[in-house]
Amino acid sequence: MKIKLNLMLLIVAALLVTLTGCKKTPPGATQISGIGFYAVTDECNYLSRGANYALKMTGDLEGCLYTFIDEYKCFGDGLYLEKGRELFIGRYKGKTGTFKTAYIFEAKFEGCNNGAPLGLEIIGGCQHPIVEGSGDGVFKGVTGQLNFWDDIKRGNFPYWGHLQF
């Protein structure tokens, strides 16, 4: 059992490194970072937007990241894969704007139940490429990507990535 769990953790870690860790910031792009936290209902009012949940973003991006889950699959041993869309509404360097992302989330949970995760998350992270042409305000014409790593102990989501205007 322990060998199987370690193998699954290794697979998830390899996916995350492959998809996030080895990409360099493109020439002319600006590196960004910060921390996201689950927003309470009234902070971002995500239910009125039809979102599954929202993250309250701090750091270089300040505002709300609304998440819309499109598909997910949990395999019997707890390997979880999810795809969806997001809308960021907030500020960058004091100026307001919005942009959209398409994201992929990979994680390892304690188990699965009918294709959904069961129990606690063990490890996880995701990639959020910005949808080209989706930005307005300060984000008009922006491209780039956000990457998140789930800090299970602290219950938050450190992010890093790049914006190119």
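**Figure 1. Cys 74 and its disulfide partner in the predicted model.** Let us start with Cys 74, which is buried in this predicted model, its relative accessibility being 5%. The sulfur atoms of Cys 74 and Cys 112 lie 1.9 Å apart, and the two residues form a disulfide. Because the torsion about the S-S bond of Cys 74 and Cys 112 is about -65°, this disulfide is left-handed. Follow the chain on either side of the bond and you will find Cys 74 in strand β3 and Cys 112 in strand β5 (residues 95-113), so the pair ties together parts that are 38 residues apart in sequence.

**Figure 2. The disulfide between Cys 44 and Cys 64.** Here the view moves to a disulfide formed by Cys 44 and Cys 64, with 2.0 Å between their sulfur atoms. A torsion of about -80° about the S-S bond of Cys 44 and Cys 64 makes this disulfide left-handed. Cys 44 sits in helix α2 (residues 41-44) while Cys 64 belongs to strand β3, so this pair ties together parts that are 20 residues apart in sequence. How accessible is Cys 44, and is it buried or exposed? Cys 44 counts as buried, at 4% relative accessibility. Cys 64 is buried too, with a value of 7%.

**Figure 3. Disulfide pattern, and a look at Cys 126.** Searching the whole structure turns up two disulfides. With bonded cysteines counted along the chain, the pattern reads 1-2, 3-4. This view also takes in Cys 126, a buried residue with a relative accessibility of 8%.

**Figure 4. The salt bridge between Arg 91 and Glu 62.** Side chains of opposite charge can pair when their charged atoms come close. Arg 91 and Glu 62 form a salt bridge, and their closest N and O atoms are 3.2 Å apart. Strand β4 (residues 79-92) holds Arg 91 and strand β3 (residues 61-74) holds Glu 62, so the pair ties together parts that are 29 residues apart in sequence. Arg 91 is partly exposed, its relative accessible area being 37%. Glu 62 is partly exposed as well, with a relative accessible area of 34%.

**Figure 5. The salt bridge between Asp 70 and Arg 85.** In this close-up, a salt bridge joins Asp 70 to Arg 85, with 3.0 Å separating the closest N and O atoms. Which strands does the pair link? Asp 70 lies in strand β3 and Arg 85 in strand β4, so parts that are 15 residues apart in sequence are tied together. As for accessibility, Asp 70 is partly exposed at 44%, and Arg 85 is partly exposed with a relative accessible area of 43%.

**Figure 6. The salt bridge between Arg 154 and Asp 151.** The last stop is a salt bridge where the side chains of Arg 154 and Asp 151 meet, at 3.2 Å from N to O. Is Arg 154 buried or exposed? Arg 154 is exposed, with a relative accessible area of 66%. Asp 151, by contrast, counts as buried, at 18% relative accessibility; the cut-off for buried is under 20%. The count of salt bridges in the structure comes to three.

Conventions
Residues numbered from 1 in each chain as written. Predicted model: local features only at pLDDT ≥ 70, side-chain atom pairs only at ≥ 80, totals over all residues. Heavy atoms only, no water. Salt bridge = Lys/Arg side-chain N within 4 Å of Asp/Glu carboxyl O. Helix = DSSP H or I, 4+ residues; strand = E, 2+ residues; numbered from the N terminus. Buried < 20%, exposed > 50% of the residue type's maximum accessible area, 1.4 Å probe, protein only. Disulfide = S-S within 2.5 Å.
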